[in-house]
Amino acid sequence: MELAIGKDGHETPQFAKVTKRLKDHRGNPIGTAHDNPILDTRMYEVEYADGSKQALSANVIAENLFASVDEERHRRILLDSIVGFCKTKEAVDKTDALVVSSNGTIRRVKTTKDWQINVQWKNGSTTWSKLKDMKDS
C-alpha cells in the first residue's frame, strides 16, 4: 500500500510504501487492532521513495491514505480543488461555437477543446491538466 505523508524537511507530502508490521524484541507485533482507527495502536514501517524508513501508527497511516497505486503501478491521487483555469489561443470561442443544422436551426456546440485547469491534489501538489482529460477520468 502506498500513501502520501508529511516528512521532515519537505514542504509537500512524500510518497511512502508500508513495508511491514513492526515487532517488539520478542517477535510479537507491536500494538493492537481496533475498529476505531483512533484506538488502533498497531505500528508499521514505511519506506519513502528516497529509501529512508520511519515507524508510523495505523491511525496515522489511515489519515494519510491520499494516494493509491493500482496493479499497473498507476498512481491515483484524490483531487482536492480546482485552483485555476485558462484557455489556449486554439480554444473555440463562443462566437465560433455556433453551427447551423441542415434545417436552418442555429445551435451552440459544447466543447472543452484547449481549456486547461489547475488542479490541487490531496497530497498538496498542483498540476495543469487538459479539461477534456479531467472530464474523462
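Predicted model: local features only at pLDDT ≥ 70, side-chain atom pairs only at ≥ 80, totals over all residues.
Residues are numbered from 1 along each chain as its sequence is written, and side-chain values use heavy atoms, with hydrogens and water left out.

Let us start with the overall layout. The protein has two helices and eleven strands; helices (H or I, at least four residues) and strands (E, at least two) are DSSP runs, numbered from the N terminus. Read from the N terminus on, the elements run β-β-β-β-α-β-β-β-β-β-β-β-α. Of the 137 residues, 23% count as buried, where buried means under 20% relative accessible area, exposed means over 50% and partly exposed lies in between (1.4 Å probe, protein chains only). Among the contacts with a separation of 6 or more, 43% come from residues 24 or more positions apart; a contact here means heavy atoms within 4.5 Å.

Four strands form an open sheet in the order β1-β2-β3-β4, with antiparallel pairing; two strands pair if DSSP finds at least two bridges between them. Its edge strands are β1 (2–5) and β4 (53–57), each of which pairs on one side only. On average, neighbouring strands of this sheet are turned by 45 degrees against each other, direction ignored. For such angles, axes are lines fitted to C-alpha atoms, for helices over the stretch in contact, and the angles run from 0 to 180 degrees between N-to-C directions. Within the sheet, strand β3 (residues 43–48) and β4 pair in the antiparallel sense over five bridges, and Met43 has Ser57 of β4 as its bridge partner.

Further along, an open sheet of three strands has the order β7-β10-β11, again with antiparallel pairing. Here β7 (79–87) and β11 (126–130) are the edge strands, each pairing on one side only. Neighbouring strands of this sheet are turned by 30 degrees against each other on average, direction ignored. Seven bridges join β7 to strand β10 (residues 115–121) in the antiparallel sense, and Ile82 finds its bridge partner in Val119 of β10.

Two residues let you see this sheet from the inside. Asn118 lies in strand β10 and counts as buried because its relative accessibility is 14%. Leaving aside neighbours within four places in sequence, Asn118 is in contact with Ser81, Ile82, Val83, Gly84, Phe85, Thr126, Thr127 and Trp128. Asp80, in strand β7, has 38% relative accessibility and therefore counts as partly exposed. Not counting residues up to four places away in sequence, Asp80 touches Gln120, Trp121 and Lys122. The C-alpha atoms of Asp80 and Gln120 are separated by 5.5 Å, although the two are 40 residues apart along the chain.

Finally, have a look at the largest pocket, which holds about 170 Å³ of space. A pocket is an open set of points, on a 1 Å grid over the protein atoms alone, where a 1.4 Å probe fits, with protein on both sides within 12 Å along at least five of seven lines; lining residues have an atom within 4 Å of a point. Its volume is the space filled by probe spheres set on the points, which are joined across faces, edges and corners. The lining consists of Lys87, Val92, Asp93, Lys94, Ala97, Arg108, Val109, Lys110, Thr111 and Trp115. By class, that makes four nonpolar, one polar and five charged residues, with Ala, Val, Leu, Ile, Met, Phe, Trp, Tyr, Cys and Pro counted as nonpolar, Asp, Glu, Lys and Arg as charged, and the others, Gly among them, as polar.
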